[in-house]
Amino acid sequence: MLDYQTTRTAIQSASSGWIGKSILALFTILGSFRYGVGLYAWRAAERLEKPSFVSVKKLPGGVDLRRYDSYLIAETTVPKEGFRESTGDGFRACAGYIFGKNKASNQKRTALQNSDENPPRPSSDNEKMAMTAPVRVNGGGKSGTKVSFVIGSKYSLSSAPKPLDKNVRLREVRSHYLATRNFSGPPPTDER
């Protein structure tokens with residue numbers, strides 16, 4: 001016959017083995033999920049439309065000298081000091097424009113009304129636009145921070161929807177040269 005101590009030890013080792021295996025399985029599942037989501041986000045970001053460029057020269061230190069063709073941006077200036085808070089406010093304003101806080105251009109509305117593929121929309125004059133990359137951020141000092149989204153290449157200044165937010169404006173960025181370098185890690189903060 002088994003005594004109390006032997007029974008207790010057998011139950012503890014059986015349960016601790018089961019608990020340990022369960023915890024290990026949980027961490028494995030969560031870790032796989034986290035990396036799966038990260039891989040999905042990376043692949044989605046890689047498919048976003050970006051301004052077209054030609055790599056002119058590779059420089060030391062991983063720097064790539066590029067010539068960019070002209071492109072359109074939706075831009076806002078946030079009159080706050082500090083990088084993080086003003087970037088968030090500017091991002092929300094530009095994202096609002098891209099996601100429909102705009103008025104479709106007359107060209108676009110006329111094309112939709114005359115198209116057999118797209119029946120007229122009931123009184124909706126806004127247009128949701130595809131996400132693009134990159135989000136551009138300049139400043140963070142006393143004069144404010146400029147935040148801008150690149151607008152897809154299918155639009156021109158006359159065909160792009162007009163922003164409803166008076167702080168968001170559309171403008172063309174002319175062809176230019178830019179030295180770039182890839183980085184990974186967290187975005188810049190007010191301290192760095």
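**Figure 1. R169 and R171 both meet E75 in salt bridges**. R169 is partly exposed, with a relative accessible area of 45%; here buried means under 20% relative accessible area, exposed over 50% and partly exposed in between, with a 1.4 Å probe and protein chains only. This is a predicted model, in which local features need pLDDT of at least 70 and side-chain atom pairs count only at pLDDT 80 or more, while totals for chains, interfaces and linings use all residues. Residues are numbered from 1 along each chain as its sequence is written, and side-chain values use heavy atoms, with hydrogens and water left out. The side chains of R169 and E75 form a salt bridge of 3.1 Å, N to O (a side-chain nitrogen of Lys or Arg within 4 Å of a carboxyl oxygen of Asp or Glu). R169 lies in strand 8 (residues 169-173) and E75 in strand 3 (residues 71-78), so this pair ties together parts that are 94 residues apart in sequence. Helices (H or I, at least four residues) and strands (E, at least two) are DSSP runs, numbered from the N terminus. E75 itself is buried, at 3% relative accessible area. Its salt bridge with R171 comes to 3.0 Å, N to O, and links strand 3 to strand 8 across 96 residues. R171 is partly exposed, at 25%.

**Figure 2. K80, E85, D89 and R92 belong to one network**. Salt bridges that share partners join these four residues. Across the whole structure, a search finds eight salt bridges.

**Figure 3. Strand 1 and strand 2 form a hairpin**. Three residues lie between the two strands, and G61 in the turn has a positive phi of about 80°. The strands pair in the antiparallel sense over six bridges; strands pair if DSSP finds at least two bridges between them. Look for S55, whose bridge partner in strand 2 is R66. R66 also forms a salt bridge with D64, with the closest N and O atoms 3.0 Å apart.

**Figure 4. F53 meets both a ring and a charge**. F53 and Y68 form a tilted aromatic pair, 5.2 Å centre to centre with 40° between the planes. Rings of Phe, Tyr and Trp (its six-membered ring) pair if their centres lie within 6.5 Å; planes under 30 degrees apart count as stacked, over 60 as edge-to-face and the rest as tilted. F53 is in strand 1 (residues 53-59) and Y68 in strand 2 (residues 63-68), so the pair connects parts 15 residues apart in sequence. F53 is partly exposed at 37% relative accessibility, whereas Y68 is buried at 9%. The charged end of R66 sits over the ring of F53, 4.1 Å from its centre (NZ of Lys or CZ of Arg within 6 Å of the ring centre and within 35 degrees of the ring normal).

**Figure 5. F91 and F149 make an edge-to-face pair**. Their ring centres are 5.1 Å apart and their planes are at 65°. F91 lies in helix 2 (residues 83-98) and F149 in strand 6 (residues 144-151), so the pair ties together parts 58 residues apart in sequence. F91 is partly exposed at 37% relative accessibility, while F149 is buried at 3%.
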